[in-house]
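Here is a short report for a reader new to this structure. Take a look at the model first.

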Amino acid sequence: MLEILQQLNSLVWGAPLLMLLVGTGIYFTLRMGLFQVRRLPRAFRLVLSDDASGQGDVSSFAALCTALAATVGTGNIVGVATAIKTGGPGALFWMWVAAFFGMATKYAEGFLAIKYRTKDANGQVAGGPMHYITLGMGEKWKPLAIFFAISGVLVAFLGIGTFAQVNSITSSLENSFAFSPQLTSVILAVVVAIIIFGGIESISKVSTKVVPFMALLYITATIALLVMNASQILPTLALVVKSAFTPTAAFGGFAGASVRAAIQNGIARGVFSNESGLGSAPIAAAAAKSNQPVEQGLISMIGTFIDTIIICSLTGLSILVTGQWTVEGLQGAPLTQAAFATLFGNPGALALTFSLVLFAFTTILGWSYYGERCFEFLFGTRFILLYRLIFIAMVALGGFLQLDVIWVIADIVNGLMALPNLLALLALSPIIIRETRQYFKGK
């Protein structure tokens with residue numbers, strides 16, 4: 001069964017989907033003239049502005065933090081390490097490529113999130129791909145919206161939202177402090193329950209405090225590591241670019257990698273980390289107190305920049321400049337821990353454990369909201385309590401399960417989320433491009 005699922009996963013995350021993900025970003029980039037470069041300064045200014053007249057549940061900054069809570073996770077530590085170990089240093093270059101074009105895709109998602117949002121029976125904002133498919137493309141496309149919502153619920157229950165993150169937390173704490181995985185998952189479920197029963201306002205309050213703190217802590221540590229290895233930065237950057245276009249030879253404990261492996265691992269891990277094109281971030285963006293789709297699109301675009309261009313880059317460079325990527329037997333979180341240990345020793349490994357726990361915990365919170373909005377679209381507000389109880393139960397079960405098969409299933413349904421969302425982005429692209437040009441012409 002595992003082999004069959006792995007083959008299906010390779011099919012879903014194969015070249016067609018990766019080309020569609022990156023191709024959509026390229027399309028928006030060309031149609032809007034390197035929009036993500038020219039408008040990035042304005043995007044950062046908008047993050048700290050407050051639209052008091054906006055109709056939404058939380059501030060634009062809180063919506064961005066909620067989206068970052070879900071995207072800045074184990075992919076930034078484990079995913080980057082895995083990409084480099086499998087695809088070589090060139091994988092980092094292709095991760096940048098995916099992020100650069102992904103910023104344009106994320107802008108389109110944020111734009112549509114505000115333009116086609118609505119309210120549920122409880123008066124809370126409801127938005128995301130399932131709504132801009134039905135409201136923007138028409139009711140005849142509702143089966144596509146339902147397909148997206150089902151995939152979103154499955155990801156929240158079985159994969160990124162619960163088991164994968166809980167496993168990262170429990171295994172990290174068990175390795176560092178010998179904590180019981182079962183007890184850790186139960187305690188984690190209680191803490192998550194306290195937060196998510198407060199709804200988006202409670203989740204966003206925690207996110208606005210934890211996300212900036214954890215990002216600043218991790219960025220500070222990685223910059224310190226790079227400063228101490230400053231002499232290796234330029235040679236490492238040259239190696240990254242060279243390896244992106246030529247095969248990486250076997251060296252030390254590194255088995256070598258083809259250009260194809262670099263491209264596939266870099267793009268796949270980059271997309272998996274920042275979620276550009278998957279349709280998850282616009283669910284949080286829809287809750288923002290903003291009446292201007294263009295401005296919320298710009299703010300959403302920053303999420304990909306922070307997640308991949310900054311945090312993933314710092315992780316990748318830390319692994320490469322320390323030379324730990326060539327050590328045999330190191331991969332995933334232990335590889336990143338080994339890089340930190342070269343400067344900080346055992347305290348560095350513990351600091352990384354702390355960062356990993358925070359990253360995974362906030363991802364659980366973000367995905368609890370994503371899954372809830374998808375569940376509400378399918379079954380209505382009457383069953384939100386049922387969703388929350390199931391989600392908490394899944395968190396509690398995380399420390400009791402063997403997850404090989406479940407992780408593969410999670411990857412599959414995560415990929416399936418992207419298909420209806422990308423079709424909607426392309427179908428509604430004339431509206432996005434026309435209104436964006438009108439907005440800046442007015443400015």
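## A pair of neighbours

Which side chain meets that of E372 in a salt bridge, with 3.7 Å from N to O? The partner is R373. The model is predicted, and the distances here are computed from it.

Both residues are buried. E372 has a relative accessible area of 5%. R373 has a relative accessible area of 1%. Each value falls under the 20% cut-off, so each residue counts as buried.

## Links to other parts of the chain

E372 has another partner. It forms a salt bridge with R388, and the closest N and O atoms are 2.8 Å apart. R388 sits in helix α19 (residues 384–397), while E372 sits in helix α18, so the bridge ties together parts that lie 16 residues apart in sequence. R388 is buried, like E372.

R373 also pairs with D120. Their closest N and O atoms are 3.0 Å apart. This bridge links distant parts of the chain, 253 residues apart. D120 is in the loop between β1 (118–119) and β2 (125–126), and R373 is in helix α18 (residues 346–379). Both D120 and R373 are buried.

## One network

How many salt bridges does a search of the whole structure find? The count is five. Bridges with shared partners join D120, E372, R373 and R388 into one network.

## Helix α18

Helix α18 holds 34 residues. At 1.5 Å a residue, α18 should span 50 Å. The C-alpha atoms at its ends are 49 Å apart, which agrees.

Is α18 largely enclosed or largely open to the outside? Of its 34 residues, 27 are buried, so the rest of the structure largely encloses the helix. After α18 comes G380, with a positive phi near 90 degrees.

## The whole chain

The chain has 21 helices and two strands. Along the principal axes, the C-alpha atoms fill a box of roughly 55 × 50 × 45 Å.

Of the 443 residues, 61% count as buried. Now take the contacts between residues at least 6 apart in sequence: 85% of them join residues at least 24 apart. The chain exposes about 17,000 Å². Carbon and sulfur atoms supply 67% of that area.

How values were computed. Residues numbered from 1 in each chain as written. Predicted model: local features only at pLDDT ≥ 70, side-chain atom pairs only at ≥ 80, totals over all residues. Heavy atoms only, no water. Salt bridge = Lys/Arg side-chain N within 4 Å of Asp/Glu carboxyl O. Helix = DSSP H or I, 4+ residues; strand = E, 2+ residues; numbered from the N terminus. Buried < 20%, exposed > 50% of the residue type's maximum accessible area, 1.4 Å probe, protein only. Expected span 1.5 Å × (residues − 1). Contact = heavy atoms within 4.5 Å. Areas by Shrake-Rupley, 256 points an atom, 1.4 Å probe, with all protein chains shown as cover.
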